[in-house]
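User: Got a structure here that I'd like to go through. Can you take the aromatics first, then the core?

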Amino acid sequence: MERSSTGTGGGRRQATRQKLYEAAVTLIAEQGFSATTVDEIAERAGVAKGTVYYNFASKNELFEELLRHGVGLLTASLRDAAEETERRGGSRVEALDAMIRAGLVFIDRYPAFTQLYVAELWRTNRAWQSTLMVVRREAVAVVETVLREGVERGELSAEIDVPLTAAAMVGMVLVAALDWQSFQSERSLDDVHSALSLLLRGRVSGNR
C-alpha cells in the first residue's frame, strides 16, 4: 500500500511503515485483530518489535493509521480518476465510470485491506470507529461531488438522492469486487467493470 514521500529520512520511515501496514493487514485479515500480536506483525514485517512501537504507540494506533492510509489511497484514486476525465473533457457519467474502474483496480491490488475495511464497517464497538467513519465519509464525498456536478450540468436526474446514491455506488463497487474475487475469480477486471458500467448508465444516468 504505497504512498510517495519526500526526503531521505521521511522516505525511510514511510518504507518502514509500509512494511508494517502490509504485515498487519495480512495477519489481521488471516486471523483477526484480537488474535494478531505486535510480535507477529514485527516478525512478518522483518523488523524488531521496538520498531513497531517507535512508529505507533500501540497495536490499536497501528490499525487506526492503517485504515487512514488505505482508505486515503482509495479516495485519492477515485479523485484522480474524476480529475483525469475532466481534463480530457469527459462527462460526469464518464467520470463516475472511471471512478468505478479505479475502485476495482484498487481492490484488485489490495484485496486483504478491502476485506478488512468492509468487515470493520459492520462493527460498532471498536476504538477506531470514529476514524473509520471519517475516512469513509471522505471517500463517499468524492463521489458526491461528481454526482452533484452531473446534476448541475443536466447529465443526471435532479431527482436522485446524492448522498445515498454516492454511498450506494461505493458499496456496489466494494461488494461486487469482493464477490468477484471470492466467488467469480475466473472473470477479468474488464468483465466486472463492464457489468458495473452498464448498471451505472442504466440506473443513474437514465441512458439506454
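Aromatics, core and annotation

Analyst: One aromatic cluster is formed by Phe106, Tyr110, Phe113 and Tyr117. Bear in mind that this is a predicted model.

User: How many aromatic pairs does a search of the whole structure find?

Analyst: The search gives 5 aromatic pairs. Among them, Phe106 and Phe113 pair edge-to-face, with 6.3 Å centre to centre and 90° between the planes.

User: Is Phe106 buried or exposed? And Phe113, buried or exposed?

Analyst: Phe106 has a relative accessible area of 7%, so it counts as buried. Phe113 is buried too, at 2%.

User: OK, the core. Which residues touch the most other members of the largest nonpolar core?

Analyst: Leu96, Met99, Phe113 and Val143 do, in a core of 62 residues. Elements giving two or more residues to this core include helix 1 (8-31), helix 5 (92-109), helix 6 (111-121) and helix 7 (129-152). Helix 4 supplies the largest share, 10 residues.

User: What is Val143 in contact with, leaving aside neighbours within four places in sequence?

Analyst: Val143 contacts Leu78, Leu96, Met99, Ala166, Met169 and Val170.

User: Switching topic. Which residues does the UniProt annotation "DNA-binding region" cover?

Analyst: In the unreviewed UniProt entry, that annotation covers residues 37-56. The chain there is 75% helix and 0% strand, and the end C-alpha atoms are 14 Å apart.

User: Last one: Lys59 lies over the face of which residue?

Analyst: Lys59 lies over the face of Phe33, 4.3 Å from the ring centre.

Technical notes:
Residues are numbered from 1 along each chain as its sequence is written. This is a predicted model: local features need pLDDT of at least 70, side-chain atom pairs count only at pLDDT 80 or more; totals for chains, interfaces and linings use all residues. Side-chain values use heavy atoms; hydrogens and water are left out. Rings of Phe, Tyr and Trp (its six-membered ring) pair if their centres lie within 6.5 Å; planes under 30 degrees apart count as stacked, over 60 as edge-to-face and the rest as tilted. Buried means under 20% relative accessible area, exposed over 50%, partly exposed in between (1.4 Å probe, protein chains only). A charge sits over a ring if NZ of Lys or CZ of Arg is within 6 Å of the ring centre and within 35 degrees of the ring normal. UniProt positions are given in the numbering used here, feature names are shortened, and annotations may be inferred rather than shown by experiment. Helices (H or I, at least four residues) and strands (E, at least two) are DSSP runs, numbered from the N terminus. A nonpolar core is a set of buried Ala, Val, Leu, Ile, Met, Phe, Trp, Tyr and Cys residues joined through side-chain atoms within 4.5 Å. Contact means heavy atoms within 4.5 Å.
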